[in-house]
Amino acid sequence: MARDRDPGREIIPAVQKLRIQHAKRDRLRFTSHRDFQRAFERALKRAGVPMAYSAGFSPHPKISYANAAPTGVASEAEYVEIGVVQFVDPEKLLAVLDEVLPPGLDILAVVEARTPDFVARLEASHWRIELPGTPVATLEQAVESFMSSSEVLVERMTKSGIRTFDARTAVIRANVESGADCGILQVVVRHGVPAVRPDDVLAALKKVADFAQEIPPRVTRLAQGPLLEDGWSVGDPFTLDREATQA
Amino acid sequence: MTVQSVFPALEQLLPRVQKPVQYVGGELNAVVKPWEDTIVRWCLMYPDAYEVGIPNQGVQILYEVLNERADTLCERTYAVWPDLEKLMRENGVPQFTVDAHRPVGAFDALGVSFATELGYTNMLTAIDLAGIPLHAVDRDETHPLVIAGGHAAFNPEAISMFIDGAVLGDGEQAVLAITDIISDFKTQGSPGGRDELLMRLAKSGVMYVPAFYDVEYLEDGRIRRVSPNRPGIPWRVAKHTVMDLDEWPYPKAPLVPIAESVHERMSVEIFRGCTRGCRFCQAGMITRPVRERSMTTIADMVANGLEKTGYEEIGLLSLSSADHSEIAEIAKGLADRYENTQTSLSLPSTRVDAFNIDLANELSRNGRRSGLTFAPEGGSERIRKVINKMVTEEDLIRTVTAAYASGWRQVKLYFMCGLPTEEDEDVLQIARLAHEVIKAGREASGRKDIRCTVSIGGFVPKPHTPFQWAAQLDHETTDSRLYKLRDAIRQDREFGKSIGVRYHDGKPGVVEGLLSRGDRRVGKVIEQVWRDGQRFDGWSEHFSYDKWMAAAEIAFADEPVDVNWYTIRERDLSEVLAWDHLDSGLDKEWLWDDWQDALSEVEVDDCRWVPCFDCGVCDHMGTEIQVGPTNAVMLPMPTIPSRVVATSGT
């Protein structure tokens, strides 16, 4: 089908890795992970970032994406790691990359990667789920019966068919607040396999309390990172890299 | 009047539909202007799914040209899929633009770009969802003007009851002229209402307004005559031609969608028009003369576009890109400039005879050597003379031999079935040709893993071409020829396994044929089929031949015509064609002579390289051929210092 790529092409190794925290907001929360990947790669080109590329017939820029939030879910805490062939100033990268991305895909923080096992550090997520039209009392009741259960099985359609799993154990904490015209659920969920997502938590709530919900919920990931000593707060996964840089 | 965004209401529906990202906009380089700051507001539509519509160059160019005007804003809308259409109807959400999610019904003009007639039903959905009356005659001052453009607008008769106007030819200057007229009219307080505005537009000649023409019919169903029904309305409406493409280097800031689209690359148009004279090709006939963009402007557009988009592939667009007078210099210059970047070049359409291996090598220098595609169009030497595709079997074998010898493993060949005068034997020749291609390829490359794919579809006669009088082949015969070809290739014991066949059945071509050579009576079929739920006719999973035929049965019940009358009937010179009052510049007698030459298998050359044939276009339209060479030199790119690299190493 095709002739081999020029074997003389020079492969330059990465000299530095950078970790990027970005948000997915407002109407761009409907961006799928694949959509974001394309938009991000093009933004790197427009920003003139000296990306490292993989070897092989079809070279790809060195980018790792971690735990992308589902399509339709907003996020303040998405993480990406890139490899570059020239040293890049994290502050400049933050400013330029944010400038070339459309509003709604916003760069929040950039650190130089100084520590290993970044993905393992993303232990849990803090989700904020707005449920328009759901009274706080109804929601509180549902959360109470959910949290007092030891297991709530839910079903989800996956590539290999319908899968049944427990949505309760992964939920470390669940709070109910009242919003303008909605009940707001704040949940901290431990990452695992299979990942328990906000819609799984909602499915579980409906199962134990049977509350109807006409209007689609608005979900935002507020934080993603290590579980702190209190056992339920989600910390900043960049702390270790920042400390290593200052040291 | 201020206009509210419909996004808050739409947002509730998006979690319930497929690929919601296609409805949210947010493209890079999109423009949103304050409503109150402008006088004229355009909404442009490409009447297909977002993923197909967003890369469309026509819409992107006009979007930018219009938004550059201080008194004008321009937004875009695309066809919504049936899942969202249903929810929008249930929840009272109107057709919206993706830029600021403004309701389409609030704009002054809705411009719909038709690359193909198969978008007609989608236009009806959009008009209806926008709250605009389906029939132009029922609209008033509060409704946008619905204006058709694009190639299908050269015969908009089938949709004439749904549109207020049609613009023929290049849109850049035409949309500005229309904007001037709307702007003056609104500034004057809209004297005389919608009728007066349409009169001004029609009188200026910028736009064809179907309502100002009457069509009379003969008893046998043919057209007696088409004539203006008001004083001051021109008998014929002429196409627009932009001269000097260097003065119109659009798009300057191409739109980059977040959603995936069918063309993930940046396109730069390197010339407009084509005078190769292929008799089946409407695009080549209606876009004359050839007007090249200079190498220098092309290079600037590529550099600027890459910087503004971040794309990794550049497509050099035109009807036959290898025919640019300086294509070798352009390809080499760009390959030099972008050497050792990840940027690659492609020529979407190349002719067998214009192709050479040096050009192909330049194009693939920075990129992958994917398959090469050629379009001999006709299987036999005889039929290629009929269609004036002046490519010999020798040319083809020489070209593919060179390609296989230089490392390409896959060659795609495009053909048509159902061409005028065609017999089974002409189509069966394709099997022999593919056999020869593989044979030559194996010898040249010394490998057995080379492949050839034959892709073949049914021919549809189009207005403003020498074949506008021809009988279209019925779909049963088309299909039977395609099956015979498929069987012949399968029976090729020696090389059959190296040859792939892709074919499209003949039924969609019948509907396309009905629409493309349709007259005003066909509008009733479109409305009927749309009311029966037909949408997205360009998608095989949505297209329904049976629905179309059932709708035609109802719509033509009281008419002396039927689908066959429009499609498989040959016309003669004396017949008034539905589009005769629409002027592509081509002289009708010249077209007829070319049709007679086709039947006699007489070829005609390209007027870029031989004297004028008096096709009529340049004389009639006051245009001229604009080709190089310019002998300019493409300089290496200056290195731009990175804005993110650390000034002192960390």
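This is a predicted model: local features need pLDDT of at least 70, side-chain atom pairs count only at pLDDT 80 or more; totals for chains, interfaces and linings use all residues.
Reader: Where does B:Ser544 sit in chain B, and is B:Ser544 buried or exposed?

Author: B:Ser544 belongs to the loop between helix 17 (522-531) and helix 18 (545-555) of chain B. With a relative accessible area of 19%, B:Ser544 is buried, because buried means under 20%.

Reader: What does the side chain of A:Ser233 make a polar contact with?

Author: That one is side chain to side chain: A:Ser233 contacts A:Asp230 at 2.3 Å. A:Ser233 is in the loop between strand 10 (218-225) and helix 6 (239-246) of chain A, and A:Ser233 is buried at 16% relative accessibility.

Reader: OK, salt bridges next. How many does the structure hold?

Author: The idea is a side-chain nitrogen of Lys or Arg within 4 Å of a carboxyl oxygen of Asp or Glu. Over all chains there are 68 salt bridges. One of them pairs A:Asp200 with A:Arg156, whose closest N and O atoms are 2.5 Å apart. A:Asp200 is in helix 5 (residues 198-209) of chain A and A:Arg156 in strand 6 (residues 153-158) of chain A, so this pair ties together parts 44 residues apart in sequence.

Reader: Are those two residues, A:Asp200 and A:Arg156, buried or exposed?

Author: A:Asp200 is buried, at 3% relative accessibility. A:Arg156 counts as buried too, at 17%.

Reader: And in chain B, which parts does the pair B:Arg89 and B:Asp128 link?

Author: Their side chains form a salt bridge, 2.9 Å from N to O. The pair connects distant parts of the chain, with B:Arg89 in helix 4 (residues 82-91) of chain B and B:Asp128 in helix 5 (residues 120-129) of chain B, 39 residues apart. B:Arg89 is partly exposed at 39% relative accessibility, and B:Asp128 is partly exposed at 28%.

Reader: What does B:Glu575 form a salt bridge with?

Author: Its partner is B:Arg569, and the closest N and O atoms are 2.9 Å apart. B:Glu575 is buried at 7% relative accessibility, and B:Arg569 is buried with a relative accessible area of 18%. Salt bridges can also share partners: A:Arg34, A:Asp35, A:Arg38, A:Arg42, B:Glu260 and B:Glu264 are joined that way into one network.

Reader: What about charges on the surface: which residues gather in a patch of negative charge?

Author: For a patch, the residues need over 30% relative accessible area and no salt bridge, with like charges joined within 9 Å. The members here are B:Asp587, B:Glu589, B:Asp593, B:Asp614 and B:Asp619. B:Asp619 is in helix 21 (residues 617-621) of chain B and is exposed, with a relative accessible area of 71%. B:Glu589 is in helix 20 (residues 588-599) of chain B and is exposed at 51%.

Reader: Now the backbone. Where do I find cis peptide bonds?

Author: Most peptide bonds are trans, and most residues other than glycine have a negative phi. In chain A, a cis bond joins A:Val193 and A:Pro194, with omega about -5°. A:Pro194 is in the loop between strand 9 (182-190) and helix 5 of chain A. In chain B, B:Arg288 and B:Pro289 are joined by a cis bond, again with omega about -5°. B:Pro289 lies in the loop between helix 8 (282-286) and strand 11 (291-292) of chain B.

Reader: And which residues other than glycine have a positive phi?

Author: Among them are A:Asn67, with phi near 40°, and B:Asn388, with phi near 65°. A:Asn67 is in the loop between strand 2 (63-66) and strand 3 (74-84) of chain A, and A:Asn67 is partly exposed at 33% relative accessibility. B:Asn388 is in the loop between helix 12 (381-387) and helix 13 (393-405) of chain B, and B:Asn388 is buried, with a relative accessible area of 1%.

Note on methods. Residues are numbered from 1 along each chain as its sequence is written. Chains are lettered from A and ligands numbered from 1 in the order in which they are written. Side-chain values use heavy atoms; hydrogens and water are left out. Patches are made of residues with over 30% relative accessible area and no salt bridge: like charges are joined within 9 Å, nonpolar side chains (Val, Leu, Ile, Met, Phe, Trp, Tyr) within 5 Å. Accessible areas come from the Shrake-Rupley method with a 1.4 Å probe; for residues, only the protein chains shown count as cover. Lys and Arg count as positive and Asp and Glu as negative; His and the chain ends are not counted. The place of a charge is taken as NZ of Lys, CZ of Arg, CG of Asp or CD of Glu. Helices (H or I, at least four residues) and strands (E, at least two) are DSSP runs, numbered from the N terminus. Buried means under 20% relative accessible area, exposed over 50%, partly exposed in between (1.4 Å probe, protein chains only). A polar contact is a pair of N or O atoms within 3.5 Å; within protein, one must be able to donate a hydrogen and the other to accept it, and residues adjacent in sequence count only if both atoms are side-chain atoms.
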